[in-house]
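I opened this entry to record what I looked up, in the order I looked it up. The notes go from strand pairing to the interface and then to charged side chains.

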Amino acid sequence: MSAFRLQQLKSHILSDRKITAMSPSPSPLTTHVLNTALGVPGSNMTLRLYQQQPLTTVWHRITTGTTNGDGRCPGLITQEQFKPGVYKLHFETGQYWASMGQTSFYPYVEILFTISDPGQRYHVPLLVSRFSYSTYRGS
Amino acid sequence: MKSVNSKDLQKMAVADSSPLTTHVLNTSDGVPGAKMALSLHRLDTRLMIWSMISVGTTNEDGYCPGLISREAFIPGMYKLRFETGSYWEGLGKTSFYPYVEIVFTIHNPAERFHLPLLMSSFSYSTCRGN
């Protein structure tokens, strides 16, 4: 059995969802990281998706993942889990720049957003350099 | 020659004294983001909690003078939190973001740091200026 296949099986067993290449149906929530300093996708960046519990306002981690070669991270959430409410995407941007031997003004980037209609598709990209970032709601 | 009254002097003094400044711009309407509540926090690394340094509201030009004093501006991790959701609600619009938090690291507090926020109800951007 290949090391890659072992890794996939291991990630199926772990409690919070880890991203695998085998996610069944497309996630209603997607992201895309772009390195605007170099004009390339922001690949190999760790990110985490949290959902806020409405009554307690406690953050519950839904998914941990790493962006692929295109700067994308498929399988963030399932349609069943995708309830209305407040979510947070946490991008480990500081680690990303450090892995390239560079400092950054932002240790990490967190984007909080409200999902009112889980029937829609939501695209939350992050365009980032060492000293700037931007995001927008896409679909 | 225009005479400068004491209020102008006060405004200039307060605006100049903070080494950290911000500017909120409403890119939907092409106007300053006026009357937006915001707060500045510093991470207490011993307790690993955020402690609030100041709270304010942007003026009609979208600025918020006097965020922090030179003495209080020590190296560390800071957070600017903008109450963007309330801002858009006040204009009768919904927004994708309930609030915006920008977390940044200050290594050399002798420099000046200008952190603008350009936002619409469905997008925002920021950068490090000085």
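Which strand of chain B pairs with β11(A), in which sense, and over how many bridges? I found strand β8 of chain B, residues 123-127, paired with β11(A) in the antiparallel sense over five bridges. I looked up one position in this pairing: A:Tyr136 stands opposite B:Ser123 in β8(B). I note here that the model is predicted.

**Entry: the interface**

I next looked up the extent of the contact between the chains. Chain A contributes 21 residues and chain B contributes 21 residues. Between them the two chains bury about 1800 Å², and 63% of that is on carbon and sulfur atoms. On the chain A side, the most area is lost by A:Phe105, A:Leu112 and A:Tyr133, which together account for 35% of what that side buries.

I then asked which strands of chain A each supply at least two residues of the side that touches chain B. They are β8 (109-115) and β11 (132-136). The largest share, six residues, comes from β8(A). By residue class, I have 15 nonpolar, four polar and two charged residues on the side of chain A that touches chain B.

For specific interactions, I noted six residue pairs in polar contact between chain A and chain B, both residues at pLDDT 80 or more. How many salt bridges does the rule find across this interface? I recorded zero.

**Entry: chain A overall**

I looked up the secondary structure of chain A and got two helices and 11 strands. Along the sequence the pattern is α-β-β-β-β-β-β-β-α-β-β-β-β. Of the 139 residues in chain A, 45% are buried. I also took the contacts in chain A between residues at least 6 apart in sequence; 60% of these join residues at least 24 apart.

**Entry: a hairpin in chain B**

I looked at strand β3 (residues 37-44) and strand β4 (residues 49-57) of chain B, which pair in the antiparallel sense over eight bridges. B:Asp44 has B:Ile49 in β4(B) as its bridge partner. The hairpin of β3(B) and β4(B) has four residues between the strands, and B:Met48 takes a positive phi near 55° there.

**Entry: salt bridges**

I searched the whole structure and got seven salt bridges over all chains.

The side chains of A:Lys88 and A:Glu110 form a salt bridge at 3.7 Å, N to O. A:Lys88 is in strand β7 (residues 85-91) of chain A and A:Glu110 is in strand β8 of chain A, so the pair ties together parts 22 residues apart in sequence. Are these two residues buried or exposed? Both A:Lys88 and A:Glu110 are buried.

In chain B, B:Arg81 forms a salt bridge with B:Glu101, with the closest N and O atoms 3.8 Å apart. B:Arg81 lies in strand β5 (residues 76-82) and B:Glu101 in strand β6 (residues 100-106) of chain B, so this pair ties together parts 20 residues apart in sequence. B:Arg81 counts as partly exposed because its relative accessibility is 22%, whereas B:Glu101, at 12%, counts as buried.

B:Arg128 is partly exposed at 22% relative accessible area, and B:Glu111 is partly exposed at 32%. I also noted one network, in which salt bridges that share partners join B:Lys79, B:Arg81, B:Glu83 and B:Glu101.

**Entry: back to A:Glu110**

I returned to A:Glu110 for its surroundings. A:Glu110 has a relative accessible area of 14%, so it is buried. Which side chain makes a polar contact with the side chain of A:Glu110? I found that of A:His90, at 2.8 Å. Leaving out residues up to four places away in sequence, A:Glu110 touches A:Lys88, A:Leu89, A:His90, B:Glu101 and B:Tyr124. B:Glu101 in this list is also the salt-bridge partner of B:Arg81.

Note on methods. Residues numbered from 1 in each chain as written. Chains lettered and ligands numbered in written order. Predicted model: local features only at pLDDT ≥ 70, side-chain atom pairs only at ≥ 80, totals over all residues. Heavy atoms only, no water. Contact = heavy atoms within 4.5 Å. Buried area = accessible area lost by both parts, 1.4 Å probe. Salt bridge = Lys/Arg side-chain N within 4 Å of Asp/Glu carboxyl O. Polar contact = N/O pair within 3.5 Å; in protein donor to acceptor, adjacent residues only side chain to side chain. Nonpolar A, V, L, I, M, F, W, Y, C, P; charged D, E, K, R; others polar. Pairing = 2+ DSSP bridges. Buried < 20%, exposed > 50% of the residue type's maximum accessible area, 1.4 Å probe, protein only.
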